[in-house]
Amino acid sequence: MRARRQRGISLIEVMVALLLLSFGLMGMLGLKMAGLKYTGQANSRAAASVHATDILDRMRANPGRAVAGNYNLALDAAAPASPVGVAQVDLAQWRRGIASNLPGGSGSVAVAADGTVRVVLQWTERGDQDAELQTQSFTFDSRL
């Protein structure tokens with residue numbers, strides 16, 4: 001008689017275990033998606049850092065033109081379309097590199113008379129809400 005009352009109890013236990021397992025797996029999937037998003041953002045910041053040091057190295061190889069202001073470029077200004085001098089070639093190649101590595105990316109360079117340089121890079125990436133794009137910025141200050 002006792003065995004008859006406990007019929008189906010193991011089926012309920014299995015269903016509860018599957019429910020708990022599915023919640024755990026969904027939580028792990030959320031963590032995985034957040035990890036991928038933050039890895040992408042970290043990769044963008046690393047690429048921005050590489051591009052900032054790239055233009056600084058190019059300017060250090062051509063210090064006379066850099067201090068003279070030939071490397072100055074505004075964020076919304078177009079890169080030289082048909083570069084002639086070394087500085088223009090450097091800026092055109094630098095902007096192409098930014099555009100290929102950072103989504104919607106652009107960069108600016110401002111050289112002061114005392115040799116201080118400010119490099120600003122901007123790009124867009126998905127924010128906390130997946131539908132919206134946010135502008136990210138990276139500023140690098142250095143001396144020639």
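Is Leu31 buried or exposed, and at what relative accessibility? Leu31, which lies in helix α2, counts as exposed at 64% relative accessibility, where exposed denotes over 50% relative accessible area, buried under 20% and partly exposed the range in between, for a 1.4 Å probe and protein chains only. The structure is a predicted model, in which local features need pLDDT of at least 70 and side-chain atom pairs count only at pLDDT 80 or more, while totals for chains, interfaces and linings use all residues. Residues are numbered from 1 along each chain as its sequence is written, and side-chain values use heavy atoms, with hydrogens and water left out.

Helix α2 comprises 52 residues, and its first and last C-alpha atoms are 77 Å apart, close to the 76 Å expected at 1.5 Å a residue, the expected span being 1.5 Å times one less than the number of residues. Helices (H or I, at least four residues) and strands (E, at least two) are taken as DSSP runs and numbered from the N terminus. The buried residues of α2 are Gln41, Ser44, Ala47, Ala48, His51, Ala52, Ile55, Leu56 and Met59, and what covers them includes α3 (63–67), α4, β1, β2 and β3 (133–143).

Once neighbours within four places in sequence are set aside, Ile55 is in contact (heavy atoms within 4.5 Å) with Tyr71, Asp90, Leu91, Trp94, Val109 and Val119.

The packing of α2 against α4 was examined next. The axes of the two helices, α2 and α4, come within 11 Å and cross at roughly 170 degrees, with axes defined as lines fitted to C-alpha atoms, for helices over the stretch in contact, and angles running from 0 to 180 degrees between N-to-C directions. Helices α2 and α4 are therefore roughly antiparallel to each other, since angles over 145 degrees count as roughly antiparallel, under 35 as roughly parallel, 65 to 115 as roughly perpendicular and the rest as oblique. In this contact, His51, Ala52, Asp54, Ile55 and Arg58 of α2 meet Asp90, Leu91, Gln93, Trp94, Gly97, Ile98 and Asn101 of α4. The residues of the contact divide into five nonpolar, four polar and three charged, with Ala, Val, Leu, Ile, Met, Phe, Trp, Tyr, Cys and Pro counted as nonpolar, Asp, Glu, Lys and Arg as charged, and the others, Gly among them, as polar.

For α4 itself, the 16 residues should span 22 Å at 1.5 Å a residue, in agreement with the 23 Å between its end C-alpha atoms. Its buried residues are Ala87, Asp90, Leu91, Ala92, Trp94, Arg95, Gly97 and Ile98, and the elements covering them include α2, β1 and β2.

Several partly exposed residues were also considered. Thr116, found in strand β2, is partly exposed with a relative accessible area of 26%, and is in contact with Ala110, Val111, Ser142 and Arg143 when neighbours within four places in sequence are left aside. Thr139, placed in strand β3, counts as partly exposed at 43% relative accessibility; the C-alpha atoms of Thr139 and Val120 are 4.4 Å apart, although the two residues are 19 residues apart in sequence. Pro63, in helix α3, is partly exposed at 44% relative accessible area, and its C-alpha lies 7.2 Å from that of Leu144, 81 residues apart in sequence.
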